[in-house]
Amino acid sequence: MAAHLPYEYIYLRYKKKFPHVWCPGCGIGIVMGSIIRAVDTMNWDMNDILLVSGIGCTSRMPVYLDFNTLHTTHGRALAFGTGAKLANPALKVIAVMGDGDALAIGGNHLIHSARRNIEITTIIVNNNNYGMTGGQFSPTTPPGTFTATTPYGMMEPGFDICSLAQGAGAVYVARGTVYHVMELDKLIAGALEKPGFSVVEVLAPCPTNFGRANRLGDAVKMMESLRDGTITQVQAEKLPPEERVGKTVRGVFLDREDSEGYTARYARLCEQAAGGVSGK
Amino acid sequence: MSDKPEAGRNAKQEKAQFPEPETTSVHIFPEWCKGCGICVAFCPKQVLEMGKDQKAHVAHPEKCIRCYLCARRCPDFAVSVYGHTRKAEEKRNEGTDGEK
C-alpha cells in the first residue's frame with residue numbers, strides 16, 4: 001500500500017485515519033500537504049513539533065498529521081499554543097485555524113499573540129465561511145455574497161487578515177492560495193523559519209457550501225477563479241488601479257527582524273528575577 | 001569521443017544518461033481518491049482522465065513530464081509521481097512502513 005502513496009504519507013496517520021473527512025475538492029488537504037513539505041525542508045524531528053488547532057474544518061488537521069497534536073476548544077488554538085510554548089520553549093508550535101476560528105471566536109487571541117510576538121507559526125485557511133456547520137457567514141465573507149445565514153447577500157465588509165496581522169505586530173505576514181501550491185510551500189517554510197509570530201493566510205475553495213450557495217461551480221472552477229482572481233505584488237505594482245479592483249494580492253507582505261520573541265524576553269525576565277535584581 | 005568530461009554541464013546530456021523508466025510514473029491510489037477532478041483539470045499534458053467510477057485514472061503515462069503538479073494539488077494524497085525527489089526516495093527506503 002505505502003509504496004503507491006506520495007512521500008508525504010510519512011507524516012500522516014495513514015493507517016488509521018484515511019481517507020480524511022474533507023469534502024471532494026476542499027483546499028484544506030492541499031494546505032496540509034504544503035505544511036508537510038515545508039516541515040520536510042526544515043529537517044525538524046517530528047517529536048519537536050506541536051500542531052495546535054481549535055474547532056472547524058481546518059482544525060481537523062491534527063487528527064491526520066503525526067506530530068504532537070492538540071485539538072482544543074473553539075478559537076483557543078493560540079491560547080493553548082502560548083501555554084505550551086512557554087512551558088517548553090524548545091517546541092516548534094504551529095497553529096492551524098480556519099477563518100472563523102481565527103478571526104471571530106479567537107480574534108482576541110490572534111491580535112494579542114501578534115502583539116506579544118510569541119513564537120508560533122499561524123496558518124489561517126480562509127474559505128470565506130463556516131464550512132463544518134453548514135456554510136454560515138464568517139468575518140471574511142465578501143460583501144454581497146450568499147451564505148446560509150445571509151440569504152439576501154452579505155451586508156458587512158470582510159476582514160483583511162494580512163493587514164490585521166501587520167497592524168497587530170506580527171513579524172512575518174504572507175498570503176497564498178492553494179492553486180499556487182509551489183509558492184505556498186515557500187511561504188509556509190518562510191513562516192516556519194521566523195523566530196516570532198508569523199501568519200500565513202491561505203485562500204482555499206469551499207465548493208460544498210460557499211461555492212454552491214454562490215453558484216461558483218465545482219472545485220476545478222473555484223481553483224480557476226483563485227488563479228484568475230489573485231495577482232502577485234509585482235503584477236499589482238504594474239497594473240493601473242482601476243484594473244486592480246477585485247483582485248487579491250498574494251505574496252510576503254511583511255518580513256521584519258527588529259522584534260524579539262516572547263519566550264526569549266520571558267527567559268531573560270526569569271533570570272533577572274532569580275538573581276534578585278529588581279526591574280525598577 | 002573522448003572520455004573526458006566536458007567543461008560545461010549540459011542538462012540534456014545528463015538527462016540522457018538516466019533514461020526515464022518505462023513503467024508508469026504516475027500512480028493513483030483509488031481508495032483515497034474522491035474524484036474532485038483537480039488533478040485531471042490542471043495536468044499540463046493531459047496524462048490523467050476521469051473514469052466512469054468517478055475517480056482519476058492514468059490514461060497517457062508516456063506523456064508525463066513529472067512536474068508533480070497533480071501530486072501537490074491533490075487534496076486527498078491520492079496521486080504519487082515516482083522519482084519525486086532524492087530525499088524523498090531515501091526516506092521511502094528507510095522503511096517507516098509497519099512502525100506506525
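Which residue in β10(A) is the bridge partner of A:Tyr172? It's A:Asp255. Keep in mind as you look around that this is a predicted model.

Strand β7, residues 172–177, is joined to β10(A) by four bridges, and the two run antiparallel.

## The sheet in chain A

Let's go to the β9 end. β9(A) pairs with β10, which covers residues 248–255 of chain A, and this time the sense is parallel, over three bridges. One bridge to look for is A:Thr232 with its partner A:Arg250 in β10(A). So what does β10(A) do on its two pairings? With β7 of chain A it runs antiparallel, while with β9(A) it pairs in the parallel sense. While you're tracing these strands, here's a handy rule: side chains in a regular strand alternate between the two faces of the sheet.

## Where chains A and B meet

How many residues of chain A are in contact with chain B? The count is 42 residues of chain A, and they touch 30 residues of chain B. For chain A and chain B, the buried area is about 3300 Å², with carbon and sulfur atoms giving 63% of it.

There are also five residue pairs in polar contact across this interface, counting pairs with both residues at pLDDT 80 or more. On chain A's side, the helices α1 (28–42), α7 (181–193) and α9 (219–229) each supply at least two of the touching residues. The largest share comes from α1(A), with eight residues. Sort the touching residues of chain A by type and you get 27 nonpolar, seven polar and eight charged.

## A:Asp185 and its salt bridges

Across all chains, the structure has twelve salt bridges. Between chain A and chain B, the count is one. That one joins B:Arg72 to A:Asp185, with the closest N and O atoms 3.8 Å apart.

A:Asp185 also has a salt bridge within its own chain, to A:Arg37, at 2.9 Å from N to O. A:Asp185 lies in helix α7 of chain A and A:Arg37 in helix α1 of chain A, so this pair ties together parts that are 148 residues apart in sequence.

Most residues other than glycine have a negative phi, and most peptide bonds are trans. A few spots here go the other way. A:Phe18 and A:Pro19 are joined by a cis peptide bond, with omega about 0°. You'll find A:Pro19 in the segment before α1 of chain A.

Over in chain B, B:Gln46 has a positive phi, near 55°. B:Gln46 sits in the loop between α2 (38–42) and β2 (48–50) of chain B. B:Tyr68 has a positive phi too, near 65°, and is found in the loop between β3 (56–58) and α3 (69–73) of chain B.

Key:
Residues are numbered from 1 along each chain as its sequence is written. Chains are lettered from A and ligands numbered from 1 in the order in which they are written. This is a predicted model: local features need pLDDT of at least 70, side-chain atom pairs count only at pLDDT 80 or more; totals for chains, interfaces and linings use all residues. Side-chain values use heavy atoms; hydrogens and water are left out. Two strands pair if DSSP finds at least two bridges between them. Contact means heavy atoms within 4.5 Å. Buried area is the accessible area (1.4 Å probe) that two parts lose on being put together, summed over both. A salt bridge is a side-chain nitrogen of Lys or Arg within 4 Å of a carboxyl oxygen of Asp or Glu. A polar contact is a pair of N or O atoms within 3.5 Å; within protein, one must be able to donate a hydrogen and the other to accept it, and residues adjacent in sequence count only if both atoms are side-chain atoms. Ala, Val, Leu, Ile, Met, Phe, Trp, Tyr, Cys and Pro count as nonpolar, Asp, Glu, Lys and Arg as charged, and the others, Gly among them, as polar.
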